Amino acid sequence: MPANLHIEMARSLVGFLLLLHFLSTSEADSFFQPISDSHRSAALELFSPDHGSFKSLEETYEALRTFDVLGIEKKPNVTATACRLILEAVASSSSIPNDLFYALKANSIAKCKIKDKAFQGIIKRLKAVVNGASSLLDFYYSVGGLVLIKSSKADVHLANADGVFRSVKALSQSDGRWRYSSNNPESSAFAAGIALETLAGVVSLASSELDQSLISTLSLDNDISKLFDSIEKYDDGTLYFDDKLVDGHDHQGPLATTSSVVRGLTAFAAVSDGSLNLPGNKILELANFFLGMGVPGDAKDLFNQIDSLAFLESNRVSTPLILSLPSTVLSLTKKDALQVKVNTVFGSNAPPLSVMLVGAFTSDSKDASLVQSQELVFDAGTGLHNLNNLPKSIDVGSYTFVFEIVLHKPEDEKVYVTGGQKKVPIFVSGLIKIENAEIAILDSDLGSIETQKKLDLAGKSAVSLSANHLQKLRVSFKLTTPHGLAFKPHQALLKLRHESKVEHIFVVGNFGEQFEIVLNFLGLVEKFFYLSGRYDIELTVGDVVMENSLLRAIGHIELDLPEPPEKAPRPPPQPVDPYSRYGPKAEITHIFRAPEKRPKEELSFAFLGLTFLPLLGFLIGLSRVGVNLKNFPTNTVPATFAILFHVGIGAVLLLYVFFWLKLDLFHTLKLVGFMGVFLVLVGHTLLSYLAATSAKLKSA
């Protein structure tokens, strides 16, 4: 097997083992990366206008909002189309509150030129909707539209803000969820987010201070605290809101529901003057829920992710800080430094802080830390917190590093939330020393060495051995870490492959740093199906932290096994390669009849000469008859037809020659057909002329 193929197989083995080990590391927390350029590329791809525009004003707003938050300057030219849709919606008297709401939202970004007269008409219509609203969505769209107008143009107020506040509050339930209307008994967390956002709008539109008792009823001790009691948790610690599936048509998934609640909470926190105290750790885990999605493949999901994270980053309660690592695999060979980065959810710079490495644990020892608490060095140029030299106690292996963020300024602790200690899985890799690799043939009874050879596992050399069923095969080697400690890989396998493609795999055991396997062929004859012949030997040693994992053919052994008894097990049928049906087929050999014996060359030439005798007789006959050209036409047209007729006769004779030498019957008949038609036409014309000339001579 080629050496490069061994290298590729070894890399594949290591990658697969790394994935399995990473998934099995459940003790460590999941860590999340802030929003990156991958999200910006996805936004440009997902929010692509269909024939220059989006399907609705809602989709137009979601595209503009996503581009605005991500800072995409080279966005598709949707502003002009958006303004056209916005102006049509605000100018139409038949626009429903839903369309007006999203038109105003889109206009807050697109900055279209809407006349003040149009704004006054919208205000009048939305206030009428508020006064006659009977459902939560009616309040949401009408109040939200008025808030948008107030923030951009006019001084808008609700005269009956207390009454509207109480009407919306009346739809709340004892579990912190909200109903969409008094006629609908079903409640949901998605509706709770809409209700909180609506109540925040009512507070901002109030012409005077609202009754503070109304706002206090929505404190953590009441509705919002009950809403958080229903929050759900993934295994990685992230938190999210979800509704029970009651009506599949109205059901919103965890992303949409959590996004709605986040919008409502942050909106109400902005108008609560600090009276709303949300748990910082839960805010952080909600942010981790959105970041844990990676890059969504749906435009609606991407909008909900980006929009919610934007509200979390700019909210007045607590801004989450995200601890991330550029790489969780450190190489002792390359002397990699441990690097940690702390940013907001959108990658903005964090306030002055320190990152502490408070502990490092292995899977075998979870109680005693391998390192002492130490501070990572901050590099202002890169924004990274570095630990350039790993402690001597850190050898190759998988670890759980525990970090803690310490803010420098006490006032920042009221603005930012760090989430306490953070556990991150770290893999430290290195080159494993492979020493004393040997392969030997042992005597079955005494165990004495009959043949012993060194193995060069780093080179391309291979050994050749022979044995019978009364002997044993021993393979041994020693593995040590860069720090000289015993190393036990995830996999140490020995494979024997018979020339008939039957394979046998054995696990290589270890005693400390020494690995050894002994195969007693006498006890393996049935497992080997009594198949004698050549067996290729392949050794596999692999681990996620072993940079020089190997999958190498170390040689072959000629094995002489006894004849199988009558009822001996047969080897299993080997799987057929499904692509073999498309390979080259076996060559087809045709059997032809043996050619008949040909006559002598002299006899053949004699018969060739006899074939010219009729031609000679023909020429002699012409001379006897007295053939001449006296009747050959002299006029131009008849002479031309006469020449063509004789040329046609000559062409037919020449065709006969070609038929004899080269052409087959079918081609000859086809050409004769064309020539026959030609001869009939010119011959008929010529004979008609000769007949007419003869008739004139007789009449004269």
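Leu353 has Leu407, in strand E13, as its bridge partner. This pair belongs to a predicted model, in which strands E9 (residues 353-362) and E13 (residues 397-407) run antiparallel and are joined by nine bridges.

- Strands E9 and E13 belong to an open sheet of five strands, whose order is E7-E15-E13-E9-E10.
- The pairing within this sheet is mixed.
- At the edges lie strand E7 (329-331) and strand E10 (374-375), each of which pairs on one side only.

**The largest pocket**
- The volume of the largest pocket is about 850 Å³.
- Its lining consists of 36 residues, and those nearest the centre of the pocket are Lys105, Ser108, Val147, Leu148 and Ser151.
- Six elements, namely helix H3 (57-70), helix H5 (97-110), helix H7 (136-152), helix H9 (189-205), helix H12 (254-271) and helix H14 (299-314), each give two or more residues to this lining.
- Helix H7 provides the largest share of the lining, with eight residues.
- Sorted by class, the lining residues of the largest pocket comprise 17 nonpolar, eleven polar and eight charged ones.

**The domain from the record**
- An unreviewed UniProt entry lists residues 592-692 as "domain: Ribophorin II C-terminal".
- In the model, the span 592-692 is 77% helix and 0% strand.

Key
Residues are numbered from 1 along each chain as its sequence is written. This is a predicted model: local features need pLDDT of at least 70, side-chain atom pairs count only at pLDDT 80 or more; totals for chains, interfaces and linings use all residues. Side-chain values use heavy atoms; hydrogens and water are left out. UniProt positions are given in the numbering used here, feature names are shortened, and annotations may be inferred rather than shown by experiment. Helices (H or I, at least four residues) and strands (E, at least two) are DSSP runs, numbered from the N terminus. On a 1 Å grid over the protein atoms alone, a cavity is a set of points where a 1.4 Å probe fits but cannot get out, and a pocket is an open set with protein on both sides within 12 Å along at least five of seven lines; lining residues have an atom within 4 Å of a point. Grid points are joined across faces, edges and corners, and a volume is the space filled by probe spheres set on the points. Ala, Val, Leu, Ile, Met, Phe, Trp, Tyr, Cys and Pro count as nonpolar, Asp, Glu, Lys and Arg as charged, and the others, Gly among them, as polar. Two strands pair if DSSP finds at least two bridges between them.
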